[in-house]
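Here are my notes on this model, written for someone meeting a protein structure up close. Keep the picture open while you read.

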Amino acid sequence: MMQQEEAVMLESYLDNVRENAPLVHNITNYVTANDVANAVLAVGASPIMSDEPEEAADITQICDGLNINIGTLHQQSIRSMHLAGKRAMELGHALLLDPVGAGASKLRTETAAALIEKLHFTAIRGNISEIKALCLGSTTTKGVDADAADAVTEANLADMIVFAKTCAKSCGSVIAITGAIDLVADADACYVIRNGRKEMSTITGTGCQLSGVMTAFLAANPGHALAAAAAAAAAMGLAGEIAMGYMTEGDGNATYRNRIIDALYHMTAERLNRGERIEIR
């Protein structure tokens with residue numbers, strides 16, 4: 001557990017989402033768009049989805065945060081990402097990149113790199129293979145999933161914390177590496193988060209959902225990007241734990257997906273405070 005004053009701070013980040021109900025523009029992939037929208041709603045924010053270039057900047061204009069997810073890329077969505085991202089930067093909005101599958105194809109990797117070059121992201125959230133592809137230029141990958149050889153473990157934790165901080169310093173963004181152990185870092189500090197369940201990897205889109213939720217936390221807590229991103233990651237992981245507790249015989253990953261969203265919906269600041277497992281390194 002974190003020290004009490006830090007835990008109280010995490011409570012406030014969830015409360016701020018519920019109180020401020022930020023509107024989040026999601027340029028996300030069509031595989032998980034519905035689940036992303038429901039997860040954003042579950043934490044108390046509001047989602048809007050648009051990847052049409054003619055309206056992307058206008059939609060971002062009325063929002064509080066922008067979540068860019070490259071999961072199902074096409075030229076129209078790439079153009080929208082740049083247009084919406086530029087407007088979000090002009091307005092000082094929270095801006096998150098989810099580089100789904102970076103390292104799996106030239107298009108994905110180059111698109112993510114170009115977005116990072118042109119836009120200043122508040123946070124970049126991905127699995128370890130995706131973040132390595134962007135920060136090191138090489139990685140092993142299994143499509144859009146992290147390769148087991150890249151996993152963050154207790155054995156390599158110290159090295160991975162250094163890597164996350166170094167990457168954050170290079171990008172000028174909060175780096176959120178999610179997996180069995182989540183790392184959320186800026187150049188100076190890293191939140192090590194041990195919430196979650198391995199079964200979450202059996203569902204398509206838990207990472208995408210987290211990116212939408214994290215954007216909502218960032219938008220509702222301006223000026224506190226590192227801790228807000230950590231609070232979002234802890235809330236998502238804890239929701240996975242709570243959801244598993246409600247599974248019964250005959251339930252599978254489709255039921256588990258719905259139970260995770262339900263757990264986010266019923267998450268309270270007090271429950272997050274009691275359930276988070278975080279240390280700061």
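The numbered points below go from the whole chain to single residues.

1. Ground rules. This is a predicted model, in which local features need pLDDT of at least 70 and side-chain atom pairs count only at pLDDT 80 or more, while totals for chains, interfaces and linings use all residues. Residues are numbered from 1 along each chain as its sequence is written, and side-chain values use heavy atoms, with hydrogens and water left out.

2. The whole chain. You'll find 11 helices and 11 strands in the protein chain; both are DSSP runs numbered from the N terminus, helices being H or I with at least four residues and strands E with at least two. The C-alpha trace spans about 45 × 40 × 40 Å along its principal axes. The radius of gyration is 17 Å, which agrees with the value near 19 Å that a compact globule of 281 residues would have. That radius is taken over C-alpha atoms, and the globule rule is 2.2 Å times the number of residues to the power 0.38.

3. Of the 281 residues, 53% are buried. Buried means under 20% relative accessible area, exposed means over 50%, and partly exposed is in between (1.4 Å probe, protein chains only). Among contacts with a separation of 6 or more, 74% are between residues 24 or more positions apart, where contact means heavy atoms within 4.5 Å.

4. Two strands pair if DSSP finds at least two bridges between them. A hairpin through four residues joins β8 to β9, and a hairpin through four residues joins β9 to β10. For landmarks, I177 has L183 as its bridge partner, and D182 stands opposite I193.

5. Which way do the residues of β9 point? D182 and V184 go one way and L183 and A185 the other, and all are buried. In a regular strand, side chains alternate between the two faces of the sheet.

6. The second largest pocket. Its volume is about 200 Å³, and of its 16 lining residues G92, H93, A94, L95 and T122 lie nearest the centre. The elements giving two or more residues to this lining are α4 (75-91), β4 (94-98) and α8 (206-220). A pocket is an open set of points on a 1 Å grid over the protein atoms alone, with protein on both sides within 12 Å along at least five of seven lines, and lining residues have an atom within 4 Å of a point.

7. Most residues other than glycine have a negative phi. A21 sits in the loop between α1 (4-20) and β1 (23-27), and counts as partly exposed because its relative accessibility is 36%.

8. A33. This residue is in helix α2 (residues 33-42) and, at 22% relative accessibility, counts as partly exposed. Leaving aside residues up to four places away in sequence, A33 touches T28 and M49. A33 and G212 are 179 residues apart in sequence, yet 9.7 Å apart in space, C-alpha to C-alpha.

9. T255. Look for T255 in helix α10 (residues 253-266); its 25% relative accessibility makes it partly exposed.

Technical notes. 1 Å grid on protein atoms, 1.4 Å probe; cavity = no way out; pocket = protein on both sides within 12 Å on 5 of 7 lines; lining within 4 Å. Points joined across faces, edges and corners; volume = space filled by probe spheres on them.
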